[in-house]
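Please read the following report beside the sequence and the coordinates, following each named residue in the model as it comes up.

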Amino acid sequence: MSDKNSVPKRQDLIDRLQRANKNAWPLVFALILGIAIFSALIDWERALNEPLLSFIALAVAAGPFARDILMFAVAKRKRVEDLKEQTRFGQYDKYLLQSLYKDTLKRLKLPDLGVPLFIVADRSMNAAAMHLGFGSFFKSINGIYLHRQVLHKLNPQEVQDIVGHELGHYFKYYLIIDRFRILTIVLATLATLWVVQVNRMDGILAYIVISLVPGLVWWISGLPYAYNATAIEYLCDDFGAQVNGIIPSVNGLMKIGAEAELQTIVIQQATMSKAAGNLNASELIETIFNSIPYGNATREEIETKVNAEIKKRAENRDVTLFGFLNFLLIGEQEAATDEMLEEQVKAIQRLQSKPRLDWEALLMDASNIDFDEESLPMLIAMIDRDPTYPLFRIPESQEDGVHPPIKSRILYLWHNRAEIEKAIARI
């Protein structure tokens with residue numbers, strides 16, 4: 001039997017996050033104080049006379065953050081209200097999506113501040129919330145992002161659960177320090193400049209310091225997130241479940257897990273195909289994910305389409321001067337990627353030989369994940385009987401260390417359902 005005491009308690013997580021945010025204010029003050037100190041210590045005349053070094057310090061300190069923001073900024077996305085009249089994602093058009101979004105805000109008693117809902121052209125079942133905390137400076141990026149595949153796979157209540165989860169990140173369950181990222185960027189840049197100037201370093205030693213100093217600042221400012229990220233995910237699951245109850249939440253999680261398992265098998269089979277040998281790992285993964293269809297399809301249909309696209313790309317892969325130069329420049333990196341993919345495929349093969357819970361047996365239709373008040377307790381009982389068995393054959397390398405395993409998320413919702421229902425009643 002699984003230990004119910006190992007499942008986090010709702011109030012414990014809420015208290016933990018409140019403590020983390022209370023303790024964050026001294027860190028915010030420390031960042032501001034550090035900025036003031038380094039601003040006074042830096043030789044600004046020298047910084048102006050050595051613009052290259054100053055620029056490199058800024059690029060290294062702010063570069064990773066700027067890169068992530070740029071990826072959001074250039075990603076193919078569309079605000080729901082800007083969709084064309086004829087656009088459909090499964091059963092959803094712009095009007096249904098707008099209605100569901102407004103209803104979700106209303107059910108959760110959240111203010112309608114015009115936070116945009118974006119649809120992203122992505123075949124993974126995922127979503128995100130972006131709130132950079134820079135006031136209105138990044139207003140065009142801040143919002144809720146739904147991957148298109150979510151709309152093809154989930155019913156309206158399950159979509160509302162996903163949206164509610166992301167609204168939890170945006171409005172309710174977040175770390176205060178994350179809304180002050182600009183302070184970390186400024187301090188990392190100033191600290192790097194000062195260290196280089198004080199030690200009168202140049203050449204390779206200067207660039208080593210430029211890499212290490214901002215990394216240390218980002219690591220320190222990121223400690224609250226490292227300790228509390230998983231707790232936040234549980235609480236956002238909790239918040240999403242307050243829209244329509246825990247059953248749609250569990251069904252949505254099960255569909256996400258089933259899709260990940262299916263894609264895992266497809267990756268394994270596609271990687272072992274003859275045509276795949278003519279592509280490097282990056283090309284292969286890109287081709288696989290770009291050829292996975294939107295909406296419901298059988299494993300055989302997906303594999304047929306994926307293999308056809310792999311064969312097509314392999315046949316059209318010409319050796320060019322650019323390709324040769326590209327190989328010389330990033331060949332070592334590609335070799336490492338190839339090795340990682342090979343290890344992942346071996347891990348998938350090992351998983352296929354291991355037992356997992358036969359949760360499909362609890363459904364009227366194994367192809368339609370739709371647990372209800374009768375079958376959901378049976379799923380929980382099945383998990384309790386064999387706690388070491390997974391729900392899905394998904395490699396551990398696919399887990400990000402932030403989101404809890406799907407089984408843990410389901411158990412959290414189940415064992416805290418009474419408190420969640422009380423929260424719904426208070427809304």
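## The largest cavity

In this predicted model, the lining of the largest cavity comprises, by class, seven nonpolar residues, one polar residue and no charged residues. The residues concerned are Leu97, Leu100, Tyr101, Thr104, Leu117, Leu146, Val159 and Val163. Among the secondary-structure elements, those that give two or more residues to this lining are α4 and α6 (156-172), and α4 gives the most, with four residues.

The volume of the largest cavity is about 30 Å³, and a search of the whole structure finds one cavity of 30 Å³ or more. Rolling a probe the size of a water molecule over the atoms shows where empty space is left.

## The open sheet

Four strands, in the order β1-β2-β4-β3, make up an open sheet whose pairing is mixed. Its edge strands are β1 (77-79) and β3 (127-130), each of which pairs on one side only, and from one strand to the next the twist averages 25°.

Strand β4 (residues 143-147) pairs with β3 in the antiparallel sense over four bridges, whereas β2 and β4 run parallel and are likewise joined by four bridges.

One of the residues involved is Glu85, whose side chain meets that of Lys94 at an N to O distance of 4.0 Å.

Asp112 and Lys102 form another salt bridge through their side chains, with an N to O distance of 3.2 Å. Asp112 lies in the loop between α4 (94-107) and β2 (117-120), and Lys102 lies in helix α4, so the pair ties together parts that are ten residues apart in sequence.

Arg356 forms a salt bridge with Glu261, and the closest N and O atoms of the two are 3.0 Å apart. This pair links distant parts of the chain, with Arg356 placed in the loop between α12 (321-352) and α13 (375-385) and Glu261 in helix α9 (residues 246-271), 95 residues apart.

Are the residues of this pair buried or exposed? Arg356 counts as buried at 16% relative accessibility, and Glu261 is buried as well, with a relative accessible area of 9%; both assignments rest on the cut-off by which buried means under 20% relative accessible area. The pair belongs to a network of salt bridges that links Glu261, Arg356 and Glu360.

## The second largest pocket

About 740 Å³ of space lies in the second largest pocket. Of the 27 residues that line this pocket, Ala258, Leu262, Ala366, Ser367 and Ile369 are the closest to its centre. The elements that give two or more residues to the lining are α5 (148-153) and α9.

Which element provides the largest share of the lining of the second largest pocket? That share, six residues, comes from α9, the helix that also carries Glu261. By class, the lining of the second largest pocket divides into ten nonpolar, nine polar and eight charged residues, whereas the lining of the largest cavity has no charged residues.

Methods. Residues are numbered from 1 along each chain as its sequence is written. This is a predicted model: local features need pLDDT of at least 70, side-chain atom pairs count only at pLDDT 80 or more; totals for chains, interfaces and linings use all residues. Side-chain values use heavy atoms; hydrogens and water are left out. Buried means under 20% relative accessible area, exposed over 50%, partly exposed in between (1.4 Å probe, protein chains only). On a 1 Å grid over the protein atoms alone, a cavity is a set of points where a 1.4 Å probe fits but cannot get out, and a pocket is an open set with protein on both sides within 12 Å along at least five of seven lines; lining residues have an atom within 4 Å of a point. Grid points are joined across faces, edges and corners, and a volume is the space filled by probe spheres set on the points. Ala, Val, Leu, Ile, Met, Phe, Trp, Tyr, Cys and Pro count as nonpolar, Asp, Glu, Lys and Arg as charged, and the others, Gly among them, as polar. Two strands pair if DSSP finds at least two bridges between them. Axes are lines fitted to C-alpha atoms, for helices over the stretch in contact, and angles run from 0 to 180 degrees between N-to-C directions.
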